Amino acid sequence: MALIRELEDHGCSLRGSVVCKYIKGDVTRCAACEYKKATDEQRMQVAIDYYIGEDLLECYPIAITDDEATCALCRGQKNPATTKAYAKITNKALDVKRDVAGSGGRINGGEIDVEVPACEDCMKNIKKVRRFNNLIIAVIVVTIGAAVYAINATYEMQSSIATMFMFLGCCVAGTGLYFLSMRALVLAISKRTCVQVLDLPALRGFKQKGWYVRRSGMVMPTLHRDPPMSVVDELKTDASQHKAYKDEIKRRHTEHTRET
């Protein structure tokens, strides 16, 4: 039974999850649900209460360290904490089930914020990984283009199929180089700085309870200098931007029609 498309898309971050009142049968339509009028903070509190009740979370906010004055990201000797790092984690327990989602989206709420005392050195290391990621992607893209052009010019390939396979081969090689380079950098920096939120000692047992970070890559840090936007908020922003774009196209078309 794919119900997710039958639920009203009014921005409810609990839509389609196990705490959704429509899924539980407490209401027959979203308009009658108290969550529709709730704020994002109130809906997040519902998720937190569920996690605590199911023994997936002991308390909230999560106590990352006993000493807020020292950096929780430092490996070895701890520096004084002068700033904070942020992350969002969620649990599989609030993911929309496949039989409910059908062909619809399976992303919903359930993300909670994590604040980590940090020092400037650790934040610079995390920023270094992100900058290197952008740099190596640019270098690999340029290298792949240059390699395809050079090989094609040298061997004067006339077959489009041969050129396509050569391009795919270069892409595979470039992807491998990217992951090897990023992994080497992350491993080197991880000796000085913890860059993954679920690797923190206070959260080390969370993975076994089904906690994870949405849209996290294999090598990118999951800690940020600024509070990251939730996946639900990103989808709302994308939807509103898409609607604004469509409205603008419609407005221009109307003006053009009037002029003609």
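**Close-up views of a predicted protein model**

**View A. Asn-133 and its contacts.** Setting aside neighbours within four places in sequence, Asn-133 is in contact with Tyr-178, Met-182 and Met-220. Contact means heavy atoms within 4.5 Å. Asn-133 sits in helix 4, which covers residues 120-155. Helices (H or I, at least four residues) and strands (E, at least two) are DSSP runs, numbered from the N terminus. Is Asn-133 buried or exposed? Asn-133 counts as buried, because its relative accessibility is 8%. Buried means under 20% relative accessible area, exposed means over 50%, and partly exposed lies in between (1.4 Å probe, protein chains only).

This is a predicted model, in which local features need pLDDT of at least 70 and side-chain atom pairs count only at pLDDT 80 or more, while totals for chains, interfaces and linings use all residues. Residues are numbered from 1 along each chain as its sequence is written, and side-chain values use heavy atoms, leaving out hydrogens and water.

**View B. The whole protein, for orientation.** The protein has six helices and three strands. Along the sequence they follow the pattern α-α-β-α-β-α-α-β-α. Of the 260 residues, 36% are buried. Take the contacts with a separation of 6 or more: 71% of them join residues 24 or more positions apart. The accessible surface is about 16000 Å². Carbon and sulfur atoms hold 56% of that surface. Areas come from the Shrake-Rupley method with a 1.4 Å probe; for residues, only the protein chains shown count as cover.

View C. Helix 2 spans residues 40-53. The expected span is 1.5 Å times one less than the number of residues. Which residues of helix 2 are buried? They are Arg-43, Ala-47, Ile-48 and Tyr-51. Seen down the axis, the buried residues fall within an arc of 145 degrees, so they line one face of helix 2. The arc is that of the directions from the helix axis to the C-beta atoms. Strand 1 (83-91), strand 2 (112-118) and strand 3 (211-212) are among the elements that cover these buried residues. On the other side, Glu-41 and Gly-53 are exposed. Just after helix 2, Asp-55 takes a positive phi of about 60 degrees.

View D. The whole structure contains eight salt bridges. Each is a side-chain nitrogen of Lys or Arg within 4 Å of a carboxyl oxygen of Asp or Glu. Glu-120 and Arg-225 form one of them, at 3.4 Å from N to O. This pair links distant parts of the chain, 105 residues apart. Glu-120 is in helix 4, while Arg-225 is in the loop between strand 3 and helix 6 (231-259). Glu-120 is partly exposed at 34%, and Arg-225 is partly exposed at 37%. Asp-199 bridges to Lys-207, with the closest N and O atoms 3.6 Å apart. Asp-26 meets Lys-24 at 4.0 Å, N to O.

**View E. A nonpolar surface patch around Met-164.** Ile-161, Met-164, Phe-165, Phe-167 and Leu-168 form this patch. Together they have about 510 Å² of accessible area. Patch residues have over 30% relative accessible area and no salt bridge; like charges are joined within 9 Å, nonpolar side chains (Val, Leu, Ile, Met, Phe, Trp, Tyr) within 5 Å. Met-164 lies in helix 5, residues 160-190. Met-164 is partly exposed, because its relative accessible area is 43%.
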